[in-house]
Amino acid sequence: MSHLSDADKIYLLNSIREIEDFPKPGIKFKDITTLLGNAEAFTLLMDHLVERYSAMDIDYIAGIESRGFIFGAALASRLKTRFVPIRKPGKLPYTTISEKYSLEYGVDEVCIHIDAFSAINTSKPKVLLIDDLIATGGTATAAVNLINKAGAECIEACFIMNLTFLQGDLYIKKTTSVYSVLEVF
Ligand code: AMP
């Protein structure tokens, strides 16, 4: 079944382990490895994403390092479309373009290959961005800007979870449409 009932959402949320004080004190880390290791949960989630996106005519799925690679690549294969990695600086081997963004203290950066969206001859290819989780929304907003800078159009940003109390979804919505499978209060 690909439409998610409230019971399905609770089941998926319960399949994700929470680790207190990782990677630093005060953070409750949402560990999706337990979802990935649960074939029923992973399939339920992916079937739902396939149902949502199969009619949208997506040219590329862009995944944010590193958990966005897992869901993004799996979904791209299921939708018979293309996958593009968005990575931290110094990881991609060919020429890149990048986008900096602010953190609480300091700056971070995301990068993409300059020719990431040149596999097909379309002037503005449609891209779905995917990552596991929205916290402040800074990483995803920078990734949307990067996709647009690379000559494509980010039609939606998709997440497995949204930490609603941080309101990062509102920040991302200034640049693209946002869909989150699970809301964490
Ligand atoms: P942000 O840019 O603040 O929205 O942070 C989003 C990125 O940080 C995503 O790639 C998440 O995987 C990671 N992240 C932030 N907070 C958490 C958390 N509590 N649990 C797991 N991952 C997190």
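A polar contact is a pair of N or O atoms within 3.5 Å; within protein, one atom must be able to donate a hydrogen and the other to accept it, and residues adjacent in sequence count only if both atoms are side-chain atoms. The model on screen is predicted: local features need pLDDT of at least 70, side-chain atom pairs count only at pLDDT 80 or more, and totals for chains, interfaces and linings use all residues. Residues are numbered from 1 along each chain as its sequence is written, and side-chain values use heavy atoms, with hydrogens and water left out.

**Stop 1**

Select G137 together with the ligand. A backbone N or O atom of G137 is 2.7 Å from a ligand oxygen. For G138, a polar backbone atom is 3.5 Å from a ligand oxygen. The ligand taken alone exposes 490 Å², and the protein buries 81% of that (areas come from the Shrake-Rupley method with a 1.4 Å probe).

**Stop 2: the shell**

The ligand is surrounded by 13 residues, and the closest are D131, D132, T136, G137 and T139. How many of the shell residues are nonpolar, polar and charged? Four are nonpolar, four polar and five charged; here Ala, Val, Leu, Ile, Met, Phe, Trp, Tyr, Cys and Pro count as nonpolar, Asp, Glu, Lys and Arg as charged, and the others, Gly among them, as polar.

Colour β2 (28–31), β7 (126–134) and α5 (138–149): each supplies at least two residues of this shell. Helices (H or I, at least four residues) and strands (E, at least two) are DSSP runs, numbered from the N terminus.

**Stop 3: a salt bridge**

Select K30 and E18. Their side chains meet in a salt bridge, 2.5 Å from N to O (the term means a side-chain nitrogen of Lys or Arg within 4 Å of a carboxyl oxygen of Asp or Glu). K30 lies in strand β2 and E18 in strand β1 (residues 17–20), so the pair ties together parts that are twelve residues apart in sequence. The structure holds ten salt bridges.

**Stop 4: backbone details**

Go to the loop between β1 and β2, where D21 is found. D21 is not a glycine, yet its phi is positive, about 60 degrees.

Finally, select S66, in the loop between β3 (60–64) and α4 (67–78). The peptide bond from E65 to S66 is cis, with omega near -10 degrees.

Methods:
Near = heavy atom within 4 Å.
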